[in-house]
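The following report describes selected features of one model, going from domains to helices and then to strands.

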Amino acid sequence: MDQIYKDTKHRKFLAQVKHGAVVAALPQSSSQRDCRWYSVSNLSVKERIEKKRKAALLGGGQKRIDAQHKKGKLTARERVELLLDPESFVESDMFLEHRCSDFGMEQDKNKFPGDSVVTGRGRINGRLVYVFSQDFTVFGGSLSGAHAQKICKIMDQAMTVGAPVIGLNDSGGARIQEGVESLAGYADIFLRNVLASGVVPQISLIMGPCAGGAVYSPALTDFTFMVKDTSYLFITGPDVVKSVTNEDVTQEELGGAKTHTTVSGVAHRAFENDVEALLNLREFFNFLPLSNQDPAPIRECHDPNDRLVPALDTIVPFESTKAYDMLDIVHAIVDERDFFEIMPNYAKNIVVGFARMNGRTVGIVGNQPKVASGCLDINSSVKGARFVRFCDAFNIPIITFVDVPGFLPGTAQEYGGIIRHGAKLLYAFAEATVPKITVITRKAYGGAYDVMSSKHLRGDVNYAWPTAEVAVMGAKGAVQIIFRGKENQAEAEAEYVDKFANPFPAAVRGFVDDIIEPSTTRKKICRDLEVLASKKQVNPWKKHANIPL
Amino acid sequence: MASHGLSPSLNRLLLALKYATFQPRCCAVHKAHYSTVYNGNEKTFDKILIANRGEIACRVIKTCKKMGIQTVAVHSDVDSSAVHVKMADEAVCVGPAPTSKSYLNMDAIMDAIRSTGAQAVHPGYGFLSENKEFAKRLAAEGVTFIGPDTHAIQAMGDKIESKLIAKAAKVNTIPGFDGVVKTAEEAVKIAQDIGYPVMIKASAGGGGKGMRIAWNNEETREGFRFSSQEAASSFGDDRLLIEKYIDNPRHIEIQVLADKHGNALWLNERECSIQRRNQKVVEEAPSTFLDPSTRRAMGEQAVQLAKAVQYSSAGTVEFLVDSKKNFYFLEMNTRLQVEHPITECITGLDLVEQMIRVAKGYKLHHKQEDIPINGWAIESRVYAEDPYKSFGLPSIGRLSQYQEPVNLCNVRVDSGIQEGSDISIYYDPMISKLVTYGATRAEALSKMEDALDNYVIRGVTHNIPLLREIITHPRFISGDISTNFLPEVYPDGFKGHQLEASTRRELLASAAALHVASQLRSQRILGNQRVSNSPVECSCWELVVKLGKEAHPVTVTRSGNTYTVEVDGERVEVCGQWSLASPLLPLTINNTHRMLQSLSRDASGEIVLQYLGTSFKVRVLSKLAAELNSYMPEKVPEDTTSILRSPMPGTVVAVSVKAGDTVAEGQEICVIEAMKMQNSLTAVRQAKVKSVHCKAGETVGEGDLLVELE
């Protein structure tokens, strides 16, 4: 071997190599440190490599790292390390630097190897994932052309191999010194977000500021999570808001985790701190398939698939006006009571989230009778629709629990466009070709009955519990219309209840496949999912569909 | 599906009938306890209505089924799918949830009797069981009351009268004032005459309700006020009486059984000294304290009293026993007691069966010498309550998971709930009576330990931590107990099981092993070709387990199902099946079998385990995560001295302050009534009231903000 390296031609080649190109050769050569064939320039390249590498690992330097820690935040690298399996991270573009030469940016002290983002791939519980983590310690994590280039590179790779992309956002915004180059960078990322949408799952975890144009990357991804107290998402900050609209608002109120998880619906969940957020992200990742070409993952399951759930037989109250908690049903049915709820504090009249049935990931959608009687309104329709479309895009079967009295009436809803927003949920369910199992637990009234993954929208298996009532509306309203002016309203109501307030009208028409005992629901769904695993259904060819946005 | 093709209206009915089928496991378990064989030729009643709910209604129905008697359950609207309703052959709704409108609603119950044609009524305990009016109304309609005659109920139901009768029957009684106390000032005067401490209690009372102990004039006034309010709300009778309070006594009671032919037996004693707020928690039969001669003396006095009031049916004569084995008559309960199962266990009698026989007019089969003490029985009352607050404040909720330890032998569980049942604010928060027995007390106790460890209750806070601590406490094991046991043993309140170094290691090791098992399982994705081939399991897991404020570094290595955990410098071997779905977590820790329970596990490493009865919250993090976690800011907890939150769900009875008032430390702020107990909430410091967030009559949930102080 040594002979080869003693070859002068080769030595010349090595001498010409710029730093960064011989990374792969480094580990082997370190054992040969004392070999006489090292040239002076060769030594200096190696030193430079190590120096750069060391600098890259330190990001913006110890002082800024300490400041980051003081804010209760981890550094970009610490985050990546915690998110991924130990020693699984393979970094790319550690030596990439920004190319800006204005405003003194060309000076060495303003160059940081790797610039303000850490990118690469790794594994979460053995499964491949691409990740970028913005480094707030370097120019406040601001986005340069180089920064964007790094992100685009891993996104492109993720698309080619079919693996999810996780973005850990902690960035002050555009690199102003770079001007339009920075804006171009954003657009490059946006484009990739859009192209990757529905191809590989994309997840954003906001762990610091994310303002201005930057917010649109998380907004384009499938899920946006936030860290409480340390993360913000807004188009314009409080100062601009004050000068334009004269509103006084704090960062937290304007774009904090609470705002976005309860009011705006921009974020899907918030976690206490960086460590909790990253550990939860690992847990969340386990539910997801790697790409749209992969099936929903099946994890080893210890919960018997034929487990009966006697508690469900009494869960629906006798009075049809009395509320109960749909989450009780969900927890009781899914594996190990393990339910990863999406948007738990927003539009609480619908419950959506991931769970497993006999180990297989499923998406759960359920009306929540505990909140606003479980009615469908603008927010709950949009929340449900987006979730259903994610599941459909990534081969995740959808299980729908229905107890819906209808759409919420009122001017607020009509003026807000409940018609087009409600249509989204209808559209999403109708369009979905993944296995769809529906359980009507109680009310399925009016148009909302149609919307909630009904047989008519190609539901594969539609069950009704004995407490189910499938009808155009509740007894009181119906009687007032059918028997207008009739003396004995109570008697008419009783007749209506007898005819319609039960699962039979739907069952005799085949709109529900079976009336099942609630306690057997888990067993039946597990069995159905096994059969439906090979479901094949294709929608007519189209360039893309036109969901009523 | 049974309801296929049936008319719609039949559907619900059919379902209801389906549920009504008797669960055989209850029967099988029960049978083992009775040595006397039921005589099928003795005709009693065709149909009995049980004017009660919950476990006691179920208990009575079980015996009725054994005797071939049809049963009728009554229920409030919220109880319409309760276990007792499903078990009974027929069920009648007698009103809305509040007891005064349903289970105490005599008119509705009388209607139910008429409409179903029930020939007799078993009242259970509580509710109408000692209501002479009810017994009278039944008699007037020719319906048999399964209990003593009206005369005996009346005589014994009134504490003042019962004391006089007891005195006349030569039963030892406590010095006290034989009359009704009218005002607080009169109460103070009488209390001073008798000498402190004194006990103020409702004349019509029982079960610890309307009962207060006073050590000085101030407490007497306060006690008078509370007792009369509670007495009024619980019994509709606010008469009070005062007597000498015997400090540090034992509470031992004699079960009696009498027929209508002048025969009466004593069925030995039950020791019920372990109490909190005068309500029993753990009972046992026999008592460790009684010698045969004291037992006989007490038994004979109890029988004298029963005979003096021509008692028939089962009844209980309660005594206070002081340290010198002097015993004093306390009261006689003219009903089936909650804790009757332990007497059944040691005597082999089915008390409900005997009550039904006696009510029909049959003579007792047994003679006094036929009554044995076979072995030892212990009963733990499992309550939906938080034992960390005054040894038990009621909690409510839905039993999301529920498994009784009935698979263990020599365990009897009397309950009236099942998985999915609601524990509501309307009724007693008792979940079940857990009874174990054995040839010896030690055997019964060790079985109780197992049974408590195997009892799965999720969805409500329960008192199993306290029960397990009591039955394993050296003082309890040695039999050194009194009614002051709890306050003496836990002067600063109950704090759960206190870990020692070795048990702490076991807990930490179990949590660490469970964490690793769960992490490993996360990597097992079935049939996936895209998971890395190279093994990701490290040979040694370096973790940090945090318990309370202490962080313990541990290392875990695995070999099959055995995890070797190095913790605090010691090696602990933990072996188990590691089912991550089961609520029970049977482990072998250093060759000792332990039943742990896995209460919750979340992504951020938090694991809650029930270990030795108490639930412990630990957080397991990888070494790296633990290091990084040190940068995470501590979130400041709420300042609890400035806000008053409701410690339990209930109704606000009174709000004693308004915004702007200045309150002194200990001053009453408001009164919450829950499960018929009035609880006075006081200021923890002197302060000005900032705002009041509740008003009288309002229903509040646990943790609801009531009042803010400045």
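This is a predicted model: local features need pLDDT of at least 70, side-chain atom pairs count only at pLDDT 80 or more; totals for chains, interfaces and linings use all residues.

**Chain A: domains and a helix pair**

The UniProt record, an unreviewed entry, places the feature "domain: CoA carboxyltransferase C-terminal" at residues 304–543 of chain A. That span is 36% helix and 19% strand, and the C-alpha atoms at its ends lie 43 Å apart. The domain assignment divides chain A into domain 1, covering 47–286, and domain 2, which is made up of 310–468 and 512–532. Between the C-alpha centres of domain 1 of chain A and domain 2 of chain A there are 34 Å, and across the boundary 23 residues of domain 1 of chain A are in contact with 15 residues of domain 2 of chain A.

Two packed helices are described by the angle between their axes and the distance between the axes. For helix H6 (residues 76–83) of chain A and helix H13 (residues 274–285) of chain A, the axes come within 9 Å and cross at roughly 40°, and the crossing of H6(A) with H13(A) is right-handed. On the H6(A) side the contact is made by A:Arg79, A:Leu82 and A:Leu83, which meet A:Asp274, A:Val275, A:Leu278, A:Leu279, A:Leu281 and A:Arg282 in H13(A). Sorted by class, the residues of this contact are six nonpolar and three charged, with no polar ones.

**Chain B: the barrel and its helix**

In chain B, eight strands form a closed barrel in the order S23-S24-S25-S26-S27-S28-S29-S30, with antiparallel pairing. Neighbouring strands of this sheet are turned against each other by 35° on average, with direction ignored. Helix H18 (residues 501–522) of chain B lies across the strands S23, S24, S25, S26, S27, S28, S29 and S30 of chain B, and runs at about 130° to S23(B).

S27(B) and S28(B) form a hairpin with two residues between them, and B:Asn590 in the turn has a positive phi of about 45°. Strand S28 (residues 592–601) of chain B also pairs with strand S29 (residues 606–611) of chain B, in the antiparallel sense and over four bridges. Here B:Gln597 stands opposite B:Gln610 in S29(B), while B:Arg601 has B:Ile607 in S29(B) as its bridge partner. The hairpin formed by S28(B) and S29(B) has four residues between the strands, and B:Gly605 in its turn has a positive phi of about 90°.

**Chain B: the open sheet**

A further sheet of chain B is open and has four strands in the order S31-S38-S36-S33, with antiparallel pairing. Its edge strands, each pairing on one side only, are strand S31 (643–645) and strand S33 (662–663) of chain B.

| Strand pair | Bridges |
|---|---|
| S28(B) and S29(B) | four bridges |
| S33(B) and S36(B) | two bridges |

Note on methods
Residues are numbered from 1 along each chain as its sequence is written. Chains are lettered from A and ligands numbered from 1 in the order in which they are written. Side-chain values use heavy atoms; hydrogens and water are left out. Axes are lines fitted to C-alpha atoms, for helices over the stretch in contact, and angles run from 0 to 180 degrees between N-to-C directions. A crossing is left-handed if the near helix is turned anticlockwise from the far one by less than a right angle, and right-handed if clockwise. Contact means heavy atoms within 4.5 Å. Ala, Val, Leu, Ile, Met, Phe, Trp, Tyr, Cys and Pro count as nonpolar, Asp, Glu, Lys and Arg as charged, and the others, Gly among them, as polar. Two strands pair if DSSP finds at least two bridges between them. UniProt positions are given in the numbering used here, feature names are shortened, and annotations may be inferred rather than shown by experiment. Domain bounds come from an automatic or database domain assignment.
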